[in-house]
Amino acid sequence: MNPGTLKQILLITDGCSNQGEDPVAMAALARESGITVNVIGVMEQDTIDEQGMKEIEGIAMSGGGVSQVVYAQSLSQTVQMVTRKAMTQTLQGVVNRELQQILGGSKTVEDLPPEQRGEVMEVVDELGETVKLEVLVLVDTSASMKHKLPTVKEALLDLSLSLNARSGNNQFGVFVFPGKKNDVEKLLDWTPHLESLTSIFPKLTTGGITPTGPAIREALTYFKKKRSLRGLLSRDDEQYFEESM
Amino acid sequence: MMNSTLKNLCRFVPGTIIIGKWHQNRYTILKELGSGANGIVYLAQFHNQKVAIKMSDNGMSITSEVNVLKSFAKVQGSSLGPSLIDVDDWVVKNHNISFYVMEYIAGPDFLSFISQKGKGWTEVLILQLLSDLHTLHEKGWVFGDLKPENLIVMGPPPRIRCIDVGGTTIQGRAIKEFTEFYDRGYWGLGSRKAEPTYDLFAVAMIIINTEYPKRFNKTSGGMNQLREQIRQKTALHKYERILTNALQGRYQSAQEMRMDLLNCMNSQTSPAQSSVTKRQTRPTVTQTRQAYRKKKGGWVETFLIIMVVSFLYFFYIYSQV
């Protein structure tokens with residue numbers, strides 16, 4: 001069973017979007033193109049207002065991902081947990097579809113007696129360990145996020161540490177919004193390691209607006225661009241593989 | 001989102017009766033024992049027996065833990081994790097809640113036990129823990145989320161037991177679940193790959209934790225900060241070498257760390273004993289020196305023999321001609 005590459009957008013924000021398209025709709029669009037959207041809301045002493053909370057949950061729900069609202073200090077642990085949880089969720093979906101083909105009807109893992117679920121879980125575990133993963137991180141750099149950015153950086157480094165312990169391949173990209181000129185700015189191109197963030201992050205300037213929707217839209221096109229480039233390469237790989245067989 | 005729904009779904013008042021969908025067993029909830037990111041554990045009554053039930057709306061995490069417990073059950077005569085009694089689903093309000101039932105391990109957690117019974121117990125419990133970890137590692141697992149809250153001291157006689165196998169991972173994979181203070185990745189001292197050294201790092205942090213019950217935050221991180229924290233507590237000085245070794249991943253196995261800890265304790269039990277060991281070590285030094293001298297003598301001997309033999313051979317050849 002090959003679930004291909006898992007694609008995720010990880011949105012780190014502290015409140016409401018206030019410009020451009022509806023982020024919930026953009027998340028739904030992402031889901032349609034096979035990309036999961038996870039959202040982490042970063043709180044301070046006070047809680048996030050209700051509207052912000054609703055938006056965070058809404059984005060994750062329509063993006064088929066996981067959301068979590070946390071205090072800045074527990075960000076590291078949350079970022080890696082949310083990413084993992086979303087991965088397992090997606091893989092479970094893949095395995096469930098596969099099971100439905102075998103068993104027919106709308107049977108899922110949950111319909112199997114507990115004794116038989118163990119083996120299915122082992123497949124999910126195995127996939128989670130080896131599957132290729134692409135995570136595009138979208139960081140909200142509106143003015144209120146300014147002093148949380150060092151924590152965000154730490155959390156992202158921690159995420160790459162966690163995921164690089166897997167045997168599967170990882171690719172990370174980092175976008176910030178609002179950017180200097182546009183709504184979104186690319187900070188880091190696809191890379192397996194996030195260490196280079198250490199030098200880039202302190203130079204970030206923070207802006208006033210929060211164009212969450214446009215940021216997600218832009219992130220989507222970025223996945224596509226990469227896929228088209230990669231597509232050529234991987235096709236070559238396959239041919240080579242066939243020949244060697 | 002996940003957590004709040006989980007909490008609403010799985011919160012039940014004492015007296016609630018759980019009936020399994022597949023095996024029809026009846027459990028009565030007595031009280032909540034604890035809750036974590038992946039579920040809630042309840043104490044429950046099953047026939048005349050007290051059992052612990054872990055439930056979660058995420059069936060997969062339950063299944064995954066059941067897999068671990070089942071594989072532990074195959075290890076004979078060991079006390080790795082609680083023993084598994086039942087796995088089932090419970091349908092409540094049209095929701096499927098997966099749960100598993102395990103042996104109820106009663107007792108205080110590691111840190112409360114030590115604060116009640118005294119620091120003298122630290123070493124005993126750590127030694128017990130290390131031998132359990134050794135068995136676990138030999139079976140190809142790494143415990144992962146090792147922390148005082150996950151260690152219960154049963155007894156009497158006091159015996160340490162690991163509960164919560166949510167972080168238990170097959171060696172070579174990425175650690176499933178961890179807690180920052182006990183995680184070597186957090187301190188910048190290694191990867192999150194499941195290796196025996198990962199657990200041994202956590203054991204060292206647990207020992208440090210006994211002197212810092214409130215833990216401490218990462219400032220500079222790395223070995224420098226941890227070494228400084230160890231030096232600030234006199235009670236930790238005797239373990240300094242062992243702790244640094246474990247923190248830097250120098251012990252290849254739990255057994256090795258256990259032996260080292262055991263030796264360290266024996267050499268410290270009384271000053272008289274330690275002088276004896278010193279006296280014993282001195283002769284060994286002279287012995288090796290003698291051996292070295294012998295070796296030198298040996299070289300001379302060999303050389304002489306070769307000389308004599310070749311001389312005789314030369315003489316023999318000469319006489320033949």
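How many salt bridges are there between chain B and chain A? The count is four. The legends below take this predicted model view by view.

**View 1. Chain A carries an open sheet of six strands.** The strand order is S3-S2-S1-S4-S5-S6, and the pairing is mixed. Strand S3 (64-71) and strand S6 (185-191) of chain A stand at the edges. Each has a single partner strand, so one side of each lacks a neighbour in the sheet. From one strand to the next, the twist averages 15°.

**View 2. Strands S5 and S6 of chain A pair in the antiparallel sense.** Strand S5 covers residues 170-177. Four bridges link S5(A) and S6(A). Look for A:Val176: opposite this residue, in S6(A), stands A:Glu185.

**View 3. Chain B meets chain A in a contact of 32 residues from chain B and 37 residues from chain A.** The size of an interface is often given as the accessible area lost when the parts come together. Between chain B and chain A, about 2800 Å² is buried. Carbon and sulfur atoms give 51% of that area. The interface also holds nine residue pairs in polar contact, both residues at pLDDT 80 or more. On the side of chain B that touches chain A, the elements giving two or more residues are helix H1 (2-10), helix H2 (59-73), strand S5 (84-92) and strand S6 (95-103) of chain B. H2(B) gives the largest share of that side, six residues. By type, the residues of this side of chain B are eight nonpolar, 14 polar and 10 charged.

**View 4. A:Asp158 and B:Arg192 form a salt bridge.** Side chains of opposite charge can pair when their charged atoms come close. In this pair, the closest N and O atoms are 2.7 Å apart.

**View 5. A:Glu126 and B:Arg173 form a salt bridge.** Their closest N and O atoms are 2.6 Å apart. Where do the two residues lie? A:Glu126 lies in helix H4 (residues 114-130) of chain A. B:Arg173 lies in the loop between strand S10 (169-170) and helix H5 (196-211) of chain B, so the pair joins two chains. Over all chains, the count comes to 21 salt bridges.

Terms used:
Residues are numbered from 1 along each chain as its sequence is written. Chains are lettered from A and ligands numbered from 1 in the order in which they are written. This is a predicted model: local features need pLDDT of at least 70, side-chain atom pairs count only at pLDDT 80 or more; totals for chains, interfaces and linings use all residues. Side-chain values use heavy atoms; hydrogens and water are left out. Two strands pair if DSSP finds at least two bridges between them. Axes are lines fitted to C-alpha atoms, for helices over the stretch in contact, and angles run from 0 to 180 degrees between N-to-C directions. Contact means heavy atoms within 4.5 Å. Buried area is the accessible area (1.4 Å probe) that two parts lose on being put together, summed over both. A salt bridge is a side-chain nitrogen of Lys or Arg within 4 Å of a carboxyl oxygen of Asp or Glu. A polar contact is a pair of N or O atoms within 3.5 Å; within protein, one must be able to donate a hydrogen and the other to accept it, and residues adjacent in sequence count only if both atoms are side-chain atoms. Ala, Val, Leu, Ile, Met, Phe, Trp, Tyr, Cys and Pro count as nonpolar, Asp, Glu, Lys and Arg as charged, and the others, Gly among them, as polar.
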